[in-house]
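Biologist: I'm new to this one. Can you walk me through it, starting with the strands?

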Amino acid sequence: MEIDKAIGESDDRRLKTKYNNAIYVIKRALALYSIEEVAFSFNGGKDSTVLLHLLRAGYFLHKMEQKCSNGGLTSFPIRTIYFENSSAFPEINSFTYDTASSYGLQLDIISSDFKSGLEKLLKANPIRAIFLGVRIGDPTAVGQEQFSPSSPGWPPFMRVNPILDWSYRDVWAFILTCKVQYCSLYDQGYTSIGSIHDTVPNALLSISDSCCKEKFKPAYLLSDGRLERAGRAKKFSPSITAVGNGSGGVESHKSSLLVASAIAVGEEILFGTVEDQLGLSLCRKIHSIGWSVSQTIVVRNDKDSVAEEVERRKSTNDMVFIYGGVGPLHSDVTLAGVAKAFGVRLAPDEEFEEYLRHLISDHCTGDRNEMALLPEGITELLHHEKLAVPLVKCQNVIIFTATNAAELDEEWDCLIELTRSSGLLSTMVPYVSKHLQTNLSDVETAQPLSKLCLEFPDLNIGCYRKSRKGPLLISFEGKDQTQIDSAVESLCKKFHPGTFSEIH
């Protein structure tokens, strides 16, 4: 079989692994269901084109194992479904019919909508499973596994997804390696094809010729697979909770209080092996945008411990910032913990995998890149040109990958820039402060400070010493400089002049 031979001769280890896994899923389905009970949904796009040839190879190998090949297979007996749509590109229709003719596909053409057409088809035929060219990242992929029953309210059948974990790069690697025909639109700069109403060539493939006529490079030359859908019309989706933009955001939240928690994941901190410098820095950063920090927590490298803390904090805080425990090591459990806190699974994220592939190149091989597994259905990638990989946001939880203060500075600065441009976080009235020191004892200052706290309830008045015999340091923090000045003046009046000195 030419497909299996082409893959076998390829030196692309990743493609071989993806191919073998997809073939296993196909052979498993063909073992579970008879040929009359399976169907294949074909739409002429690149993903279903790949699936067609995988099915041809899988059916051939399945028959070989059963010793029923009779020297070769000349037909493809799996029922093929094509949902004909008046909004489809003519090139898609032509390619579909030409392909059906070339490979002898049993084409069932359905002109009604997908659901009602499927109901009619399943009533008339004993179909129990349908092969689909769904990939992670597709809108319909959320919650699906390689074998997934149809959704409630739909006619019952098993969805079989052999290429669920394939990336844009994998699809084109297969097509080019196996030298199979594909729709001509992909040679005209289209990278993801919907209807004629919502699809244009990908501007990232645009080139200009001497006649100033815009032309496009073919789809397989798109180097960044995460931008596959850049030629598809996008619907605006507002950002999460507590949004604000520039001065408008400040004004709208002037009288409110936004609260965040910071969670550090790392047993090395709990063992005292390393010092948690990121926590101190992060608290200062959160404070600098006018937010209050309700709590900082350090948890063990344990998925359940992370999940428990995230679940508790996400419901009582406007935002949760978490750092540590991100990566491919056994102790990197942060993403798994966040997924469990939201009650979702970890699933391959093609867009994030593309970032990792650009970052770690040949090390990003194999069938399952553990670092590219993200909480499914709730993850938003926060892109910034200064970051090698985007920040990860899961609803009101933001995950930092920083391992030191300098990296955290960069990630935070990028987050704030994104805030200014897209209203990701609300920037509130910043905190202001004054700090005094005195040689008075704790006993002498205790009662006056207690009364001062009652007198100025909107201020945070704190006391601490750097050493037992050192001076007492008193901090005044709040949103109103006038109130702080009044509180300082009120305290100073209770003692002799010169008792307190201001420090900076």
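Modeller: Strand β9 (residues 259-265) runs parallel to strand β11 (residues 319-323), with five bridges joining them. Strands here are DSSP runs of E, at least two residues long, and helices are runs of H or I, at least four long, numbered from the N terminus. Two strands pair if DSSP finds at least two bridges between them. This is a predicted model: local features need pLDDT of at least 70, side-chain atom pairs count only at pLDDT 80 or more, and totals for chains, interfaces and linings use all residues. Residues are numbered from 1 along each chain as its sequence is written, and side-chain values use heavy atoms, with hydrogens and water left out.

Biologist: Which residue in β11 is the bridge partner of alanine 264?

Modeller: Tyrosine 323.

Biologist: And how many bridges pair β9 with β10?

Modeller: Seven, in the parallel sense, with β10 spanning residues 292-299. There, serine 292 stands opposite valine 259.

Biologist: Is β9 enclosed or open to the outside?

Modeller: Seven of its seven residues are buried, so β9 is largely enclosed by the rest of the structure. Buried means under 20% relative accessible area, exposed over 50%, and partly exposed in between, using a 1.4 Å probe and protein chains only.

Biologist: Which residues sit on each side of β9?

Modeller: One side carries Val259, Ser261, Ile263 and Val265. Ala260, Ala262 and Ala264 are on the other.

Biologist: What about β17, which strands does that join?

Modeller: β17 (residues 432-438) is antiparallel to β19 (residues 472-478), with seven bridges. Threonine 438 has leucine 472 as its partner there. In β20, isoleucine 503 is the partner of histidine 435.

Biologist: Switching to helices. How many residues of α11 are buried?

Modeller: Seven of its nine, over residues 334-342. Among them are Leu335, Val338 and Phe342. Glycine 343 follows α11, and its phi is positive, near 70°.

Biologist: Which residues other than glycine have a positive phi?

Modeller: Lysine 179 is one of them, with phi near 55°. Lysine 179 lies in the loop between α6 (168-178) and β7 (206-208). Another is glutamine 395, at about 55°. Glutamine 395 sits in the loop between β15 (391-394) and β16 (397-400).

Biologist: Are those two buried or exposed?

Modeller: Lysine 179 counts as exposed, at 72% relative accessibility. Glutamine 395 is partly exposed, at 40%.

Biologist: And leucine 454, buried or exposed?

Modeller: Exposed, with a relative accessible area of 74%. Leucine 454 belongs to helix α14 (residues 442-455). From leucine 454 to isoleucine 92 is 74 Å in space, C-alpha to C-alpha, and 362 residues in sequence.

Biologist: Zoom out. How many helices and strands are there?

Modeller: The protein has 15 helices and 20 strands. Its radius of gyration is 30 Å, well over the 23 Å the globule rule gives for 504 residues, so the protein is more spread out than a compact globule. That radius is taken over C-alpha atoms, and the rule is 2.2 Å times the number of residues to the power 0.38.

Biologist: What box do the C-alpha atoms fill?

Modeller: Roughly 105 × 55 × 45 Å, along the principal axes.

Biologist: What share of the residues is buried?

Modeller: Buried residues make up 48% of the 504.
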